[in-house]
Amino acid sequence: MIAVVEPRNRLVRPRDVLRSGLSYWLSSLAAMLRFDWCRMRQWAGMMVAFQTMMGAGMVLIYGFFYPSITATRALYIATGAPTLALIPLGFVMVPSGVIMEKLEGTFDYIWSMPAPRSAQAVSTFALYTVLALPGAVLALLVAVWRYGVHLSISPVLLPAVLLCAFMSITVGNGMALAIKNPMVTNVVVNALVFVVLLFSPIAYPASQLPGWFAAVHRVLPFESMATVMRAGLTSGLATQVGTSFLVVGAWAVAGCAATAWVVGRRR
Amino acid sequence: MATLDAATLTVRFSAVGHGPRHWWRDYVSMLRWHLASLRMWLMTLLAVQILSGVGFVLGISLFFRHIPVSAALYVSTGVPVINILMVGLIFGPQLVANQKSAGSYEYLRTLPVSRTVTAAAWSTVCLVSGIPAMVVSLVVAQLRYDLPLHISPMIVPAVLLISLAGTMMGYALGHAVGNPMAIQLVTQLLTFVVFGFAPVLFPLSQMPGWLATLNWWFPFRHMAVMTRAALTSTGGSTVSTAYIVVGVWVVASAAVAGWVLGRRR
């Protein structure tokens, strides 16, 4: 006897699984992490190299500018290294990545995937945060070797470095998403690098700045990043660590909010 | 009925002219070509040059509680070198890289203009676009730090030679390196080197000995010596050595560029 196939079964029906809820979000996150890692894998080595070069290179260059390097000055420069390695990743590589994605159309492709956009964003943030760490550590090691400083590492370092990496990535990402024109993003990114490398108290104390400029840096995230990192690497050198954590945290929230605002809208 | 004479339709092959009159005419057209194709960029480039020069001059004082005059003098007399080099050495190769990606590189090579004319026109553009930033940086430095500057007429040959060296090195780099990505990478590395790993903005004694020795073979250290000598009216044997080394770099880079451009492909 020939089995009669019911025509009803041959219809393609939409899946009746619910595309919401925590388990769906988590499985989307896992899928997005795999997807992002596969895309990023070929660049990961270059990213670490670029970060180390920026962090360690800038630390060496700062040293050349001083006629004599005192112990305190050496400690300031050396403990600025991880911050100097994190900033280029978050404020240069992440926005450049977004610009490339926009130009190549990958950006729209990812948005068209059936994964919650919040899972897409969290996957990007998580991967970049993890990728940011080796470069920061390498830059610090080069700095310690060059200046022969003794660090006293405290448990504060772990939350500090994670928060700083997370903040710079979310702010970089939010900025690149919020600014529509890639050319403008490019200009902002380049200007930022210049300001950060020359005009931010990362490798020297903020007390050297004129009063109004120091006040500006109490609001901007760069000095606070350096302070919280320094709190984890030294004892007694960093002051107002709590406030600095709050400032970095506030910028991280702002970066997430900017991302959420752009990602949450329909186009 | 008028018949079309085929001879009028062909372009005479002797379009590439010789002699000084042709050379000058071609030079003016190429100059106009460069200025027209860069018209959007030139203003931006000028602004970036001025801002970065002034930024460096002012920013360096933040590194010190009280900046020593010698440190201010080194930075202020080093920034002009960077201003002059920037367009020819960094922007030039990047422009060539873009042309290679966009395909206009091949087109430019088909123009009936001799290679020396193209090189001369580009050198002029590089020289002219570096000078305003150099002047502004020096004026700001003088106002900010009240420096003991004594500008001697030697600044003219110094600026001319530095600009020519930067342009020729950029020329050689842009034309000899095939891959546009590699060009971008090398120019970025060069920026890093000129700012931080060559004794341009700070004295030689502040870097490790081996790095100072290594820098003797590269032109940047000597360019800084030339500018500094002209701006502070000092002299000595190091200055003449500097002119010779930079001159050698000009000749070598021009030779490489000429060889690459002269090859048939």
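The points below take up one chain as a whole, then an interface, then a single residue.

1. Fold of chain B. The model is predicted. Chain B contains 11 helices and zero strands, so that its order of elements from the N terminus reads α-α-α-α-α-α-α-α-α-α-α.

2. Extent and packing of chain B. Along the principal axes, the C-alpha atoms of chain B occupy a box of roughly 90 × 35 × 35 Å. Chain B has 265 residues, of which 36% count as buried. Among contacts in chain B with a separation of 6 or more, 81% join residues 24 or more positions apart.

3. Interface between the chains. On the side of chain B, 15 residues are in contact with 11 residues of chain A. Two elements of chain B each supply two or more residues to this side, namely helix 3 (39-59) and helix 8 (180-197). Helix 3 of chain B gives the most, with four residues. By class, the residues on this side of chain B are nine nonpolar, five polar and one charged.

4. Position of Ser235(A). Is Ser235(A) buried or exposed? Ser235(A) counts as exposed, because it has 12 C-beta neighbours inside 10 Å and the class takes in residues with 12 or fewer.

5. Surroundings of Ser235(A). Leaving aside residues up to four places away in sequence, Ser235(A) touches Ser152(A) and Ser154(A). The C-alpha atoms of Ser235(A) and Leu151(A) are 8.3 Å apart, although the two residues are 84 residues apart in sequence.

Notes
Residues numbered from 1 in each chain as written. Chains lettered and ligands numbered in written order. Predicted model: local features only at pLDDT ≥ 70, side-chain atom pairs only at ≥ 80, totals over all residues. Buried ≥ 20, exposed ≤ 12 C-beta atoms within 10 Å, placed from the backbone. Contact = placed C-beta atoms within 7 Å. Nonpolar A, V, L, I, M, F, W, Y, C, P; charged D, E, K, R; others polar.
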